[in-house]
Amino acid sequence: MSLFIGFILTGLVSGAIYALMASGLVLSYTASGIFNFALGGIGFVSALTYFELHTGMGMSVIPAAVIAICIVGPLIGLALHRLMFNELSRSGEVAQIVATIGLLVALPSLALFVVEQLINAFHVGLTDPTNQYSVPGLGPSPARHWKLFAGVSVDSNQLITFVAAAIVAIGLWFLLRKTSLGLAMRATSDRRALAALRGIDPDRASAASWMLSCLLGGLAGVLAAPVLGLDAGSFTVLLVLSATAAVFGRLRSVPVTFGIGLLLGVIQNLVAGYADFAGGIPGFRSSFPVLLLFLGLLFFNRSRRRVAGSVAEDAPPPDYLADLPPWRRILPWVATLLVLLVWLFTFASDFWAGLAAQGLAFGLIFLSFVIVTGIGGMVSFAQATFVTAAALTTGALTTHGVPFGGAVLAGVLTAAVFGALVALPALRLGGRVLALSTLALAMIGDKLLFQLDWMTNNQLGWDLPTVAVAGVSLTDPRAMTVFLLLVAGIVSLGIINLERSSTGRAILAVRSAPAAAATHGISATRTKLVLFMSSAAVAGLGGVLAAMYNGRIINTDYPAFAGFFWLAVVVVQGVRRVGPALLAGLLVAMAPQVFSYVTDSPHIPNILFGVGGMVLAKYPDGAVSQFSEMRHRRRQRKRAQGVDTAETVPAPTTPVMKVTEPASASAVPGQPAEPAVLELRGIDAGYGQVPVLRGVDLVVRQGAVVALLGTNGAGKSTTVNVVTGQAAAVTGGRVIFDGTDVTAWPAHRRARAGLFTAPEARGVFPGLTVEENLGTWLRDADEIAQIYDRFPILAERRRGPAGVLSGGEQQLLTLAPVLVRPPKLIVADEPALGLAPRVVDQIFEVFGELRDRGVSLLLAEEKVHDVLAIADEVVCLATGRVTWSGPRQAADEPRLAEAYLGIEAEPPTNRNTVQA
């Protein structure tokens, strides 16, 4: 019994570290939608800082820990948020994953480089961390021990770890559930755009989440350092194991994640202590948490939105070479090939020729990323597993007398089978969840499958024979380089043809819109199997050729985490094309040797690699694409300089009727009109390069209700976005709110100034309770109580999530707060959309009550009769232009037909106004 309790207590200590790191992952994910692989690197930096302050500089434990955890960690989080993550949150998932992996590699190297320079160049009295095998804990040294009862004791470091985790758990709960900052953070993570419309600064809330996340990562790193030492790889493993708890918490719930983290530590200890059956299975105990990670991903995080892939939400990259003839498109690559061959046979030594051969073998492996990620849009961390499986299979078969060609074919087929197994989670998962599942499978392969003696020749590896092609031995590095060039060329042509084939079109269809692809008879299951098996086969072929050139393959040559680095290098160069992938392979082989001529520090390449990952936040299509874009712009400038005159093609116009100055709702003849609460003056706006609004003028006066009418695509929602400061970019004109030019103001600042928005897709936070939704606009419990008195249905469901309310109840929840704290202006986009007539009546009763209380309203609607019943003024839009505006009384049927539908109506014999 004492042994069992001892396992539980020690498991709780390791579980506490998992819980802290996992909570940091959840916080950063909910803040920006980014799974922060870099948190392991941040934990290492905090641990290194604590070690140098305490051991190197002699600082006492408490101030050293406070600086490392409470200052260094949050400052890293804030800096990364400002420099990288804020921009990265709008990029595709591949760029997000690769950028954070770049930081995971770069941050420890940067910290070690700084320490190295401080010691060697500035002679600061620090301790060389590379020669240090232990890090002191936060308790007294040596650690104190307390015996709880027979056979069970705890030491001071364990006790501090558990107490720190308990304090953090309570503090996190209080912060997130009982403070306005916590509510702002959760609202921002739930619906970032809506949070801004409620006056919450999403940038500030996200920055707070990132700082708190990195603080937790730093605390976990400092607490884990006495066990892990200052080994950056161990912190990466810690991150992956902690991800298990985050996954079981669905990457949303911090309390659930924290509890699962504690439970994970206990289960891991019990399995290690009692799973006697695993004694004959090498690696089972160490791989058990990864097995749990995979199961959690498979059964608890099924993608409910998109399952096609991870970058399909990105717009297709522009083809900057589309204006060039085919020969010009391939000319740079042909020239590069010729230069490589000339260098190879004229200037290169055997050493550099060998590096070129290794680089092309890596390039062949990297071509597999073009298939699965560039074309298929799915992130795979399992490519190193495919390489190892194919090479081990080939080596084992050739050792047992199978001809080399047959052994290679068997190795490639083995990799393809592994690809089919990895594809199975892709049938249920997508995006970053799929990426984590491939990482889990790769680690299972490393820790379990590739530890089996029959597969690894008792861990000694397998020799691969020397072969000759056309009488030329491939042991010669130049011959091997030429052979690999031929193989890479054939595989590249196959990939290009795959993309252009019907199978390639099916892959793109499943990637972009799986439901639509299914309606056209395209099997997502077959498509994903083809995708992963093809990618795995290519990776396996590259692995076999690399192992053949090296002459031997052992199970540790290509560890699972190599897939991190490989994917990142390819994406930094450009994962959508075969040329950049081959270039990435050459860089991986040759760059370390080139850097050795510049610096003796092994950290510089990793730091530069991390910088490359950060650049992806701004240029997600890779470095080679940027050169293409630069050449494209240069060609455009030359063409523009060569043209003296250009034909001006008039833009299509919509007939514009005479616009009448809107009358005030309360205007009396002979008296001045009410002051304007909102004015749009000559607004031009759109999205990217697509213009939507052209010269829009609009006025909403104090206490007036303005109906903004138009068909789908007329520009109503864009007008609303311009008023509220959302996605639309204003390229001309001014937005005046309450006498102030707010054109450059962000949405949250306009909301704080008194502008309330009821967006088209319901203005509720589905993940927050009804009461928390009310709290995003109302200030105290008394105001919320008034809402419950007015709407008892909301009082009944105050503790439930708003996402389970009916559409009508959600719209009432959206508008209810303004009855207690009225704003200066309410902007509602399609407020009656999808609602039952009875609910529509309730909604417009609320609007009428607000108008009677002097609140101005701008209602964008398609349903003419409902909105005209309360409108004072009418503005009609068509193709982004105001086609008519005037008082409600002048909005008769023929005039509305002409302005609203864009048709010329016959002059009416009886010009009665439209009746609501």
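How accessible is Glu849: buried, partly exposed or exposed? At 24% relative accessibility, Glu849 counts as partly exposed. The notes below take up this residue and others.

1. Basis. This is a predicted model, in which local features need pLDDT of at least 70 and side-chain atom pairs count only at pLDDT 80 or more, while totals for chains, interfaces and linings use all residues. Residues are numbered from 1 along each chain as its sequence is written, and side-chain values use heavy atoms, with hydrogens and water left out.

2. Glu849 and the salt bridges. Glu849 forms a salt bridge with Arg853, with 3.7 Å between the closest N and O atoms. The rule asks for a side-chain nitrogen of Lys or Arg within 4 Å of a carboxyl oxygen of Asp or Glu. The count by this rule is 14 salt bridges. Arg853 is partly exposed, at 42% relative accessibility. Here buried means under 20% relative accessible area, exposed over 50%, and partly exposed in between (1.4 Å probe, protein chains only).

3. A buried bridge. Glu772 and Arg186 meet through their side chains in a salt bridge (2.7 Å, N to O). Glu772 lies in helix 28 (residues 770-775) and Arg186 in helix 6 (residues 180-190), so the pair ties together parts that are 586 residues apart in sequence. Glu772 is buried, with a relative accessible area of 14%. Arg186 is buried as well, with a relative accessible area of 14%. Arg177, Arg186 and Glu772 are linked in a salt-bridge network. Helices (H or I, at least four residues) and strands (E, at least two) are DSSP runs, numbered from the N terminus.

4. A strand-to-strand bridge. The side chains of Arg552 and Asp463 form a salt bridge (2.3 Å, N to O). Arg552 belongs to strand 6 (residues 552-553) and Asp463 to strand 3 (residues 462-463), so the pair ties together parts 89 residues apart in sequence. Arg552 is partly exposed at 33% relative accessibility. Asp463 is partly exposed too, with a relative accessible area of 47%.

5. Aromatic pairs. The structure holds 16 aromatic pairs. Phe362 and Phe366 make a tilted one, 6.0 Å centre to centre with 40° between the planes. Rings of Phe, Tyr and Trp (its six-membered ring) pair if their centres lie within 6.5 Å; planes under 30 degrees apart count as stacked, over 60 as edge-to-face and the rest as tilted. Because they are four residues apart in helix 13 (residues 350-375), Phe362 and Phe366 are separated by about one helical turn. Phe362 is buried at 18% relative accessible area, and Phe366 is buried at 0%. Phe844 and Phe847 form an edge-to-face pair, 5.5 Å centre to centre with 80° between the planes. Both lie in helix 32 (residues 837-852), three residues apart, and both are buried.

6. Aromatic cluster. Phe35, Phe37, Phe381, Phe561 and Phe564 form one aromatic cluster.

7. Helix 26. Eight of the nine residues of helix 26 (residues 716-724) are buried, so the helix is largely enclosed by the rest of the structure. Among the buried residues are Lys716 and Asn721. Just after helix 26, Gly725 takes a positive phi of about 85°.

8. Loop at Ser523. Ser523 sits in the loop between helix 20 (514-519) and helix 21 (524-550). Ser523 is partly exposed, with a relative accessible area of 35%. Its C-alpha atom is 8.4 Å from that of Ala506, 17 residues away along the chain.
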